[in-house]
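Please take a moment to look over the model shown below. The paragraphs that follow lead through its salt bridges, one of its helices, a sheet and a surface patch.

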Amino acid sequence: MRKKLLLAIFTAGAVAGGLLSTKAFAQVEGELSPEEEMRLVQEFNRMLAEGINPGEVWYEVGKDAIKKYNLDKCDLGLGPGVFKGAAAQLPRYFADAGKVMDLETRVGWCLQKHAGMTQEQVLKFVRQCWGKTGNCVSEYDGIIMYLTMESNGQKINVNLKDPRVKKMYDIGKQVYYARLGPWDFNCATCHAGKQEVRIRATRLWSADRPGEAGQAVSIFPKYLVRWGLPMTMHYRYAECIRQMRWPEFIPHSDLAVALSTYLYGTANGTEIKAPGIGR
């Protein structure tokens, strides 16, 4: 009930800000009276003023989805169902899978093992809300939000002394600086260098300025106000790669894990503070 109320409140606030369509709003809670809509808008503004992030709604969604998909059996590296602080130590090597995995890739592996999904079903599950806005509530986004927030306050601690993890870190760094596609772009085009770069009014973080990679990745999943949805890290990769006109990004791929290992390894020592919030 609380989850539905929060969702209605935040959606109503987004409508008030012109961010969502009235149709989308109506699909969330049915037809509301003008008085009820106004009350929800006022409540939305109050909660934002108090520093409550709309993305926290997905924590509750994820908490329910963990049980629904038997992910309480999932081992993120600290033992089955032990999630406190686990995401802070990812990516890491998993002997049962025989490979390095980041959080999202490991969740995909667990969905196949414990929920009986095929790889194709997992990818469809991951992309459920990609390209959508407003009233799309993804259980996958909720799972990633829940597992990440269970590490809030913990410092990122990717074990780069493990040669298998270090190898993936080095591959990720090569990918980060590799120029590809018709525009000859790479990740570093926007997110590297000592000099400040802006796109419109947004100052872009740089992997070459101390602490900025950590500030960037430690707040994912990040709630985007313009979409009314949280964005996971793999969705962030997909959007950047699409904008660079690289070949299509596949969630849970080795490319994703390599990028995560490089970025989170670079961010070691940064405290996790999810969800972040952006325009």
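A salt bridge is counted here when a side-chain nitrogen of Lys or Arg lies within 4 Å of a carboxyl oxygen of Asp or Glu. The structure is a predicted model, and by this rule it holds 12 salt bridges.

One of them joins the side chains of Asp254 and Lys99, with an N to O distance of 3.5 Å. This pair connects distant parts of the chain, since Asp254 belongs to helix H12 (residues 254-266) and Lys99 to strand E2 (residues 99-101), 155 residues apart. Asp254 is partly exposed, with a relative accessible area of 46%, and Lys99 is likewise partly exposed, at 33%.

Another part of the chain brings several charged residues together. Side chains of opposite charge can pair when their charged atoms come close. Glu196 and Arg203 form a salt bridge in which the closest N and O atoms are 3.0 Å apart. Arg203 also forms a salt bridge with Glu212, where the corresponding distance is 3.1 Å. Through shared partners, salt bridges unite Glu196, Arg198, Arg203, Arg209 and Glu212 in one network.

Helix H6 (residues 119-126) shows how burial can be arranged around a helix axis. Its buried residues are Val122, Leu123, Phe125 and Val126. Viewed down the axis of H6, they fall within an arc of 155°, so they line one face of the helix. The face turned away from this buried side carries the exposed residues Glu120 and Lys124. In general, an α-helix has 3.6 residues a turn, so residues three or four places apart point the same way.

The model also contains an open sheet of three strands, in the order E6-E5-E7 and with mixed pairing. E6 and strand E7 (276-278) are the edge strands, each pairing on one side only. From one strand to the next, the twist averages 35°. E5 and E7 pair in the parallel sense over three bridges, and Leu224 stands opposite Gly278 in E7.

The loop between strand E5 (222-224) and strand E6 (229-231) contains Val225. This residue is partly exposed, at 31% relative accessibility. Together with Leu48 and Ile277, Val225 makes a nonpolar surface patch of about 210 Å².

Conventions. Residues numbered from 1 in each chain as written. Predicted model: local features only at pLDDT ≥ 70, side-chain atom pairs only at ≥ 80, totals over all residues. Heavy atoms only, no water. Patch = residues over 30% accessible without salt bridge, like charges linked within 9 Å, V, L, I, M, F, W, Y side chains within 5 Å. Areas by Shrake-Rupley, 256 points an atom, 1.4 Å probe, with all protein chains shown as cover. Helix = DSSP H or I, 4+ residues; strand = E, 2+ residues; numbered from the N terminus. Buried < 20%, exposed > 50% of the residue type's maximum accessible area, 1.4 Å probe, protein only. Pairing = 2+ DSSP bridges. Axes fitted to C-alpha atoms, helices over the stretch in contact; angles between N-to-C directions. Arc of directions from axis to C-beta.
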